[in-house]
Amino acid sequence: MRNLSKSKLLSHRQCPKRLWLELNRPDLAEISAATQLAFDFGHEVGDVARKLYDPAGEGVLIDAQRDGFAAAFAQSRKLLASSQPIFEAGFVAEGALAFADVLLPATQDGKRVWRMIEVKSSTAVKDYHRDDIAIQAFIARSAGVPLASIALAHVDSSWQYQGDGDYRGLLVEHVMTREAFARSDDVQSWIEAAQHTALEQSEPDLRTGAHCTSPFICGFIDHCRAQEPTAEHPVQWLPHPTNVLKNYVARHAVTDMRDVPDRLLSRQQLRVKEQTLAGKAFFDAEGAAKDLGKHALPAIFLDFETIQFAVPRWQGTRPYAQIPFQFSVHRLEPDGTLTATGFVDLSGDDPSEPIARALIAACGECEPIFAYSAGFEKARISELAARLEELSAPLLAIHERIVDLLPIAKGRYYHPSQQGSWSIKKVLPAIAPDLSYGDLAGVNHGTGALVAYLEAVKPETTPQRKAEIEEQLRAYCALDTLAMVRLWRFFGGARATGT
Ligand code: SF4
């Protein structure tokens, strides 16, 4: 019997097949950029937590990757006799192993006891954290750790960074001792079940479903989907399924949208179903032209790229605040002339004021400003206005001019190739097949832009690489606004002819 780590036990809680694949075919897993980013956020929060829980720097950090598990377990046992904070202490018992983020010494009835804290980069306690904490407590106690309490510390998204590296208040702690200790029997049964799966000779025969993305996006999803028959009209393309629809699909094992009764579908879902089955696009050209007719040229097309940090880097910002570091603007004149401009700040400093000033300069006086899913751009502009008092009035004036193209696209157009999505990356190939995000080098999606930013601002990134990243970011963001121009022209019909 091998000892299974806490993360393996949690994988098994999500899906037995996932655990089996992690143990036997880890090469099949694909780590998405978003998943990698979440790991990186976790590490950053962990680093800050060590400083917060050990301001005097008296603690010991155990490095199992460097020293090996056996050495880490032995060092942990030894340190339990001390009075120092311990980070990443490792324990093994009952066929499972775990590493504790933080162990703090305490005294109870004259004896040495320990307070355990698990640190998470999320902004709330999630259900799967309760399993995590229960497993952690069970393994530590089974290994003989005198645990007085166990708590979960997560990021407080309402906290505001005041600068000078002072992160006191970033984490909020929830003591979960009683519920964790009460679940020992549950954890034991989870370990038994996971051990059973680990011994299986062949891959468990399990189908994909809602569990593949919750609580974590499973890296084996492409592998598992490739094993399943592909429906001609996949039911997953029906957008925004209600619980009623989800339950019907699960209960009747529906894979093809043909087998979903129309009475369970919203207007939008029904449109997706009808157009998909017919293999034809829906286009209310008159309605789209009427929608756009309310807004005269010249017009501006705007898109932002933003950066987020679990641990804020800039004074006055909050954890996970979306801070724009780049925009692209296309400007369309009544005679059809199209000009482009943009802004990117890769200095690593707070880009808020420079981008706000550049935005005000690029957005003219009174033209309509089109954005796609404009709530995002509007929210970022409101936030900038709230932080930059001096620029608040012109920023709020820009905010008032923004027109959302997404509701027009949703209400007036659908092509089966969109596969139930109105993201601009899905709509663009249908109406402007000559433009493609796939042709972009490097950055070709939002998370990719965020990852590129993080690489660009690292001190070790060479000027050449930084310049390359900047070029890729500019091309990506510019394609977003050019895509909007093409949408506008397509939807504008006769009015747009010649532009
Ligand atoms: S993709 Fe879904 S079915 Fe496949 S291993 Fe992951 S969670 Fe299990």
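This note goes through the predicted model in numbered points, from the whole chain down to single residues.

1. Basis of the model. Residues are numbered from 1 along each chain, following the sequence as written. The model is predicted: local features need pLDDT of at least 70, and side-chain atom pairs count only at pLDDT 80 or more, whereas totals for chains, interfaces and linings use all residues.

2. Overall dimensions and secondary structure. Taken along the principal axes, the C-alpha atoms of the protein chain fill a box of roughly 85 × 60 × 40 Å. The chain contains 19 helices and 14 strands. Here helices (H or I, at least four residues) and strands (E, at least two) are DSSP runs, numbered from the N terminus.

3. Of the 499 residues of the protein chain, 32% count as buried. A residue is buried if 20 or more other C-beta atoms lie within 10 Å of its own, exposed if 12 or fewer, and partly exposed in between, with C-beta atoms placed from the backbone. Two residues are in contact if their C-beta atoms, placed from the backbone, lie within 7 Å. Among contacts in the protein chain with a separation of 6 or more, 69% are between residues 24 or more positions apart.

4. Domains. The chain is divided into domain 1 (4-199), domain 2 (229-266) and domain 3 (286-496); such bounds come from an automatic or database domain assignment. The C-alpha centres of domain 1 and domain 3 are 39 Å apart. Their contact takes 19 residues from domain 1 and 13 residues from domain 3. On the domain 1 side, helix 3 (residues 33-53) provides the largest share, seven residues. That side of domain 1 divides into 11 nonpolar, seven polar and one charged residue. For these classes, Ala, Val, Leu, Ile, Met, Phe, Trp, Tyr, Cys and Pro count as nonpolar, Asp, Glu, Lys and Arg as charged, and the others, Gly among them, as polar.

5. The largest nonpolar core. A nonpolar core is a set of buried Ala, Val, Leu, Ile, Met, Phe, Trp, Tyr and Cys residues joined through C-beta atoms within 7 Å. The largest one has 58 residues, of which Phe370 and Met484 touch the most other members. Helix 19 (residues 463-492) gives the most to this core, with 11 residues. The core draws at least three residues from each of domain 2 (229-266) and domain 3 (286-496). Leaving aside neighbours within four places in sequence, Phe370 is in contact with Ala299, Ile300, Phe301, Val403, Leu405, Met484 and Trp488. There is also a second, separate core of 54 residues, which includes Trp20, Leu21, Phe138 and Trp190.

6. The shell around the ligand. Of the 13 residues around the ligand, Cys15, Arg18, Cys212, Cys218 and Cys224 come nearest. A residue is near a molecule if its C-beta atom, placed from the backbone, lies within 6 Å of it. Two elements give two or more residues to this shell, namely helix 2 (16-24) and helix 9 (221-226). Helix 2 supplies the largest share, three residues. By class, the shell has eight nonpolar, three polar and two charged residues.

7. Cis peptide bonds. The peptide bond from Ser214 to Pro215 is cis, with omega near 5 degrees. Pro215 belongs to the loop between helix 8 (184-199) and helix 9. A cis peptide bond also joins Leu297 and Pro298, where omega is about 5 degrees. Pro298 is in the loop between helix 12 (285-293) and strand 9 (299-307).

8. Positive phi angles. His240 is not a glycine, although its phi is positive, about 45 degrees. This residue lies in the loop between helix 9 and helix 10 (243-251). His240 is exposed, because 9 other C-beta atoms lie within 10 Å. Gln419 is likewise a residue other than glycine, and its phi is positive, near 50 degrees. Gln419 sits in the loop between strand 14 (413-414) and helix 17 (424-431). Gln419 counts as partly exposed because it has 14 other C-beta atoms within 10 Å.

9. Ser5. Ser5 is part of strand 1 (residues 4-5). Is this residue buried or partly exposed? Ser5 is partly exposed, because 19 other C-beta atoms lie within 10 Å. Not counting residues up to four places away in sequence, Ser5 touches Leu97 and Ala98. Although Ser5 and Ala98 are 93 residues apart along the chain, their C-alpha atoms are separated by 5.7 Å.
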